[in-house]
Amino acid sequence: VFLGYMDSSIGSSSPEEGEADSEIMRFGGGNRLGYGWGGSGLKFEMYNQNSLNWTQILPVEFESMDPEVQAVYERYGHSFRFGQSMEAGAKFHLFKSLAISAGVEGAVVFPRHIFWPWLGSAMIYSGLQGGLQFFSEQIIEVSPVIGPALWWILKSGVSYGYYVLLRDDMNWPFGYETPLTVESFKLGAALTF
């Protein structure tokens, strides 16, 4: 379960020409699965995460934007919109109670939620991920050394491929419109009590 806020002023760079500056608030929930190596203290884990979320995108300096960009913001309005996100990353456990992580996320924000086409698309993706999970777990049992890396490559590859397909068609393969997408790099630290 998560709650988040994103703003370009948090990062080190400002939007490039042709890009719009936004404030983004979102909440949602999902699942994170991972495998790795190590013992009770020092360990390294690679993970894949999928989530459903609701996102509000607010423009910064709306009046100075091109009319085409303004039209996109007007389509989304100020309400929270349904979407999906996929993330691949790694977590390094320094101690039993301290870990640092890095990940890459692709999020899709739908202008409207059209349930049945979305469900069909999500079922195709979930079926692929489930099949890969079963196949990869067999590899991990046979080879605990290389299995986690192969699991991460396969799961993250399918997640990235699905994200790329959704960037152009929000309910791939059922042919609707192009959604908004947010790509981000995440750094984090976690304390476990």
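1. In helix α3 of this predicted model, the buried residues are G147, P148, W151, K155, S156, S159, Y162, Y163 and L166. These residues span an arc of only 140° around the axis, which places them on the same side of α3.

2. Elements covering the buried residues of α3 include the strands β2 (22-38), β3 (43-59), β4 (81-93), β5 (98-109) and β6 (180-191), together with helix α2 (115-142).

3. As for its length, α3 runs over residues 147-168, 22 residues in total. From first C-alpha to last, α3 reaches 33 Å, close to the 32 Å expected at 1.5 Å a residue.

4. The sheet is open and has six strands in the order β1-β2-β3-β4-β5-β6, with antiparallel pairing. At its edges stand β1 (2-7) and β6, each with a single partner strand, so one side of each has no neighbour in the sheet. From one strand to the next, the twist averages 30°.

5. Within this sheet, the antiparallel pairing of β2 with β3 extends over 17 bridges. I24 has I57, in β3, as its bridge partner.

6. A further helix, α1 (residues 67-76), lies across β2, β3, β4, β5 and β6. Relative to β3, α1 runs at about 95°.

Terms used:
Residues numbered from 1 in each chain as written. Predicted model: local features only at pLDDT ≥ 70, side-chain atom pairs only at ≥ 80, totals over all residues. Heavy atoms only, no water. Helix = DSSP H or I, 4+ residues; strand = E, 2+ residues; numbered from the N terminus. Expected span 1.5 Å × (residues − 1). Buried < 20%, exposed > 50% of the residue type's maximum accessible area, 1.4 Å probe, protein only. Arc of directions from axis to C-beta. Contact = heavy atoms within 4.5 Å. Pairing = 2+ DSSP bridges. Axes fitted to C-alpha atoms, helices over the stretch in contact; angles between N-to-C directions.
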